[in-house]
Amino acid sequence: MISINKKKISYKHTPYLIVEACVNHQGDFKIAKKMIFHAKKSGAQCIKFQHHIVDEEMIRDVPMSSNFTEPLDKVIEKTNFTLQQHLKLKKYCEKIKIDYLCTPFSIKAAEELNSIGVKAFKTGSGELTNLPFIDYLARIGKPIILSTGMSNSDEIENSVKILKKYNTPFAIMHCISAYPCPYEIMNLDNITELKNKYKVPIGLSDHTPSIFNALGAVSLGASLIEKHFTFNKKLKGPDHKSSIDLPELKMLVKGCRVNFLSRGKIKKIFSEEKEIVAWARESV
């Protein structure tokens, strides 16, 4: 089990739902605050942003993914918030009582987020094999939610060894880093494999364009769900097509709770069934 802002995250607790704002706010601070408001109103426990310092995390001339219409560094520079803006978003989250998380993509970004008092760190899948970065976060000692897209079992194990070395509380997110992700490569049963292997909270960072796999993950025992969120899937940008909209977010919150309540595995005759037994069973 891990805890974030006194919220317990484990198989025995209602799944911790992270609304991923990513760059879907388009760099507009007012839209970001609106996303926070609706995430809270919908019943999610957390909203997550991203903190980029371009020259600390990438070279300028990098290959472009098919979901990008312009270079990544340009997208980030257009949509990135300053540290002071992140602090304001964090304070607004505290005001309306929803957890604020933010993914750092470099040690410098992690230093800055730590300086404003974030309660935990959520890593991006691209940083899983950046072992000096994982080591730095682990030494801080705050809970870490480790995303595992674009990785194999050995690479996950290498990062986990570092977290265990420092006794850092952590959870692992099963993830496939395709945007949007085809259902046939989601491999949801890996949630069970990770849960059995590591005995820590396991979640799903989901880039499919619907809530179906997230609900399936809860039934498989996921303790955390992360979904990209947008107000309009038709907007231009790298993440809108792999996001859910507001009606879907509300349905996801309800569905996660229902699926959590439905996870019992004991087979017996329940009290609600007993009156049916009286007339439905064959008898003499």
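The charged end of arginine 263 sits over the ring of tyrosine 11, 4.1 Å from the ring centre. A charge is taken to sit over a ring if NZ of Lys or CZ of Arg is within 6 Å of the ring centre and within 35 degrees of the ring normal. Lysine 34 is placed likewise over the ring of phenylalanine 231, with its charged end 4.8 Å from the centre. The model is predicted, so local features need pLDDT of at least 70, side-chain atom pairs count only at pLDDT 80 or more, and totals for chains, interfaces and linings use all residues. Residues are numbered from 1 along each chain as its sequence is written, and side-chain values use heavy atoms, with hydrogens and water left out.

Aromatic rings were examined next. Rings of Phe, Tyr and Trp (its six-membered ring) pair if their centres lie within 6.5 Å; planes under 30 degrees apart count as stacked, over 60 as edge-to-face and the rest as tilted. Helices (H or I, at least four residues) and strands (E, at least two) are DSSP runs, numbered from the N terminus. Phenylalanine 49 is buried, at a relative accessible area of 0%. Tyrosine 100 also counts as buried, at 6% relative accessibility. Buried means under 20% relative accessible area, exposed over 50% and partly exposed in between (1.4 Å probe, protein chains only).

Phenylalanine 229 and phenylalanine 231 form an edge-to-face pair, because their planes stand at 75 degrees and their centres are 5.1 Å apart. Phenylalanine 229 is buried, with a relative accessible area of 0%. Phenylalanine 231 is partly exposed, at 32% relative accessibility.

Eight strands form an open sheet with parallel pairing, in the order S5-S4-S3-S10-S9-S8-S7-S6. S5 and strand S6 (121–122) stand at the edges, each with a single partner strand, so one side of each has no neighbour in the sheet. Two strands are said to pair if DSSP finds at least two bridges between them. Strands of a sheet pair through backbone hydrogen bonds, either parallel or antiparallel. S6 and S7 pair in the parallel sense over two bridges. Lysine 122 stands opposite isoleucine 145 in S7. S7 also pairs with S8 in the parallel sense, over four bridges. Here alanine 171 in S8 is the bridge partner of isoleucine 145.

S8 is mostly covered, with six of its six residues buried. In a regular strand the side chains alternate between the two faces of the sheet. Phe170, Ile172 and His174 point one way from S8, and Ala171, Met173 and Cys175 point the other way. All of these residues are buried.

Several backbone features fall in loops. A cis peptide bond joins tyrosine 179 and proline 180, with omega at about -10 degrees. Proline 180 lies in the loop between strand S8 (170–175) and helix H8 (190–198). Asparagine 187 is also placed in the loop between S8 and H8. Asparagine 187 is not a glycine, yet has a positive phi of about 50 degrees. At 52% relative accessibility, asparagine 187 counts as exposed. Methionine 150 also has a positive phi, about 60 degrees, although it is not a glycine. Methionine 150 lies in the loop between strand S7 (144–147) and helix H7 (153–165). At 60% relative accessibility, methionine 150 is exposed.

The secondary structure of the protein chain comes to eleven helices and ten strands. The radius of gyration is 20 Å, close to the 19 Å that the globule rule gives for 284 residues, so the chain is as compact as a globular protein of that length. The radius is taken over C-alpha atoms, and the globule rule is 2.2 Å times the number of residues to the power 0.38. Of the 284 residues, 50% count as buried. Among contacts (heavy atoms within 4.5 Å) between residues at least 6 apart in sequence, 67% join residues at least 24 apart.
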